[in-house]
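Please keep the sequence and the three-dimensional view at hand while reading.

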Amino acid sequence: MTVRFLHTSDWHLGQFFYNHSRQYEHEQFLAWLLVQIKEKQPHALLIAGDIFDVINPASAAQKQLYQFLANAHKLAPHMQTLMIAGNHDSGYRIEQVEPLLEKYHAKTVGVIHKNELGQIDLERLLIPIYDEQKNIIAWCLSLPFLRPAEITGFNEQTNNSQNAIAYLHQQVISEARKRKTDNQALILMSHAHMQGGETSDSERPIIIGNEEALSTTLFEDSIDYVALGHLHKPQKVGQEHIRYSGSPIPLSFSEINYKHQIVEVNIDPLKTDESRVSFESVFIPRSVQLHKIKGALNEVLAKLKALASGEIENIEQREYVDIEYHTDVPPPPNLRQQFEDALPKSRYRLVRISRQYFASEKNSDEITPINLEPPTPEKLFQQLWEKNGYTNDDAVLKDFLSLLHEAEKTLENEHDA
């Protein structure tokens, strides 16, 4: 029996893009995904984390997810939907609705639990995948985003996060191999930053210097496919069967050229050659275009005027524009209005304007960018640290980021309590 499933991740439902709702874009993606499910009738749909954009998603975003699950179940009653929490999700929150999820053959793993013996509850992490006759055809090893507070302190082998991550992978893979039969496949789903993965500027940094990046050596050869989430660019990592599906829509202007997709995977457990696992990228149509316009002021104005015209009535369907202009003189006070006037009417949303000044003002030929984006907590800390006369210190910044994430976790737990 060939195991058929779809790998997707990083939906970020409820995201606001420069204060503009992405609800329409997500609706279009989910409608497209339902068509794929109806046509392909997979055994499972895997959503590898960052289902929502924030830990406390708006009701509209939650409704999008649950309505999708209901629609998917109606189109493919035998299909299971398996989800894990990402670093943007509240693991406790998405586990709280298990009775609702069961109604639609959906299962979620949000956090790592302890069993009655105080050990890692492996039972919750190993999810069987069934065929139409209710036979187990695969096991999905489901590992949500691993926060140090949830995975350390189980025993002497989990005294720090790196040891705990290695121990957890070894334990769950070992248990899966005990259960697996020759005609069953092993799939591992994880939300993590793997070494060698290519990032965009929209992935939330976790620890300075990519120290959180994990090695693919965690995945033993017995794993047929590794379904990853967290990085938004579709890509393989090291080997063909270790893949990020990427996000379904561009979550920043740095993702304009990404070929957003889901991955259709077929595994024949009885084969031992390269044909055992096959993949196909199924490309997602982009419902709203993004444009990044760069150049000197007169070039930018000319490029804006050259953009396609034709009104788009619904503002949520209008195309996004990001302008980066270069100049060596102060900008005119009505510059934004000039940009707006140059754009064809009622078709675009000008969401960001940034300026690069020529360092000739500083007797240099280099161009130095001015970033007008709101500062992150890390950047604010660095600015205050330097303002007080201290030099950059990676160890201090690492400690600050650890405290920041512990505070986020505390707030998350207080909200879910």
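Rings of Phe, Tyr and Trp (its six-membered ring) are taken to pair if their centres lie within 6.5 Å. By that criterion, Trp11, Phe29, Trp32 and Phe68 are linked into a cluster by ring pairs. The model is a predicted one.

- Six strands, in the order 6-5-4-1-13-14, make up an open sheet of 6 strands with mixed pairing.
- Its edges are formed by strand 6 (106-109) and strand 14, each of which pairs on one side only.
- On average, neighbouring strands of this sheet are turned by 20° against each other, direction ignored.
- Helix 1 (residues 23-40) packs on the sheet and touches strand 1, strand 4, strand 13 and strand 14. The direction of helix 1 makes about 170° with that of strand 1.

**Strand 1 and its partners**

- Strand 1 (residues 3-8) is mostly covered, with 5 of its 6 residues buried.
- With strand 13 (residues 261-267), strand 1 forms 5 bridges in the antiparallel sense. Across this pairing, Arg4 stands opposite Asn266, and the bridge partner of Val3 is Ile267.
- With strand 4 (residues 44-47), strand 1 forms 4 bridges in the parallel sense. Here His7 has Leu46 of strand 4 as its bridge partner.

- Strand 13 is largely enclosed by the rest of the structure, because 6 of its 7 residues are buried.
- Strand 13 also pairs with strand 14 (residues 277-283), antiparallel and over 7 bridges. Asn266 stands opposite Ser278 in strand 14, and Arg4 likewise stands opposite Asn266 in strand 13.
- Strand 5 and strand 6 run parallel and are paired over 4 bridges. Ile84 has Val109 of strand 6 as its bridge partner.

- Thr81 is located in strand 5 (residues 80-84).
- Residues under 20% relative accessible area are classed as buried; Thr81 has 2% relative accessibility and therefore counts as buried.
- Leaving aside residues up to four places away in sequence, Thr81 touches Leu45, Ile47, Leu69, His105, Ala106 and Lys107.

- Strand 9 (residues 185-191) and strand 10 (residues 225-229) run parallel and are joined by 5 bridges. Ile187 stands opposite Tyr225 in strand 10.

**Helix 6**

- The buried residues of helix 6 are Ala164, Ile165, Tyr167, Leu168, His169, Val172, Ile173, Glu175 and Ala176. The buried residues of this helix pack against strand 7, strand 8, helix 5 (148-151) and strand 9.
- Asn160 caps the N-terminal end of helix 6, with a side-chain oxygen 3.2 Å from the backbone nitrogen of Gln162.

**Aromatic pairs**

- The structure holds 10 aromatic pairs.
- One of them is formed by Phe5 and Tyr225, edge-to-face, with 5.5 Å from centre to centre and 70° between the planes. This pair links distant parts of the chain: Phe5 lies in strand 1 and Tyr225 in strand 10, 220 residues apart. Phe5 and Tyr225 are both buried.
- The rings of Phe17 and Tyr320 have centres 4.9 Å apart and planes at 85°, so this pair is edge-to-face. The pair likewise links distant parts of the chain, with Phe17 in strand 2 (residues 16-17) and Tyr320 in strand 16 (residues 319-327), 303 residues apart. Phe17 and Tyr320 are both buried.

Technical notes. Residues are numbered from 1 along each chain as its sequence is written. This is a predicted model: local features need pLDDT of at least 70, side-chain atom pairs count only at pLDDT 80 or more; totals for chains, interfaces and linings use all residues. Side-chain values use heavy atoms; hydrogens and water are left out. Two strands pair if DSSP finds at least two bridges between them. Helices (H or I, at least four residues) and strands (E, at least two) are DSSP runs, numbered from the N terminus. Buried means under 20% relative accessible area, exposed over 50%, partly exposed in between (1.4 Å probe, protein chains only). Contact means heavy atoms within 4.5 Å. A polar contact is a pair of N or O atoms within 3.5 Å; within protein, one must be able to donate a hydrogen and the other to accept it, and residues adjacent in sequence count only if both atoms are side-chain atoms. Rings of Phe, Tyr and Trp (its six-membered ring) pair if their centres lie within 6.5 Å; planes under 30 degrees apart count as stacked, over 60 as edge-to-face and the rest as tilted. Axes are lines fitted to C-alpha atoms, for helices over the stretch in contact, and angles run from 0 to 180 degrees between N-to-C directions.
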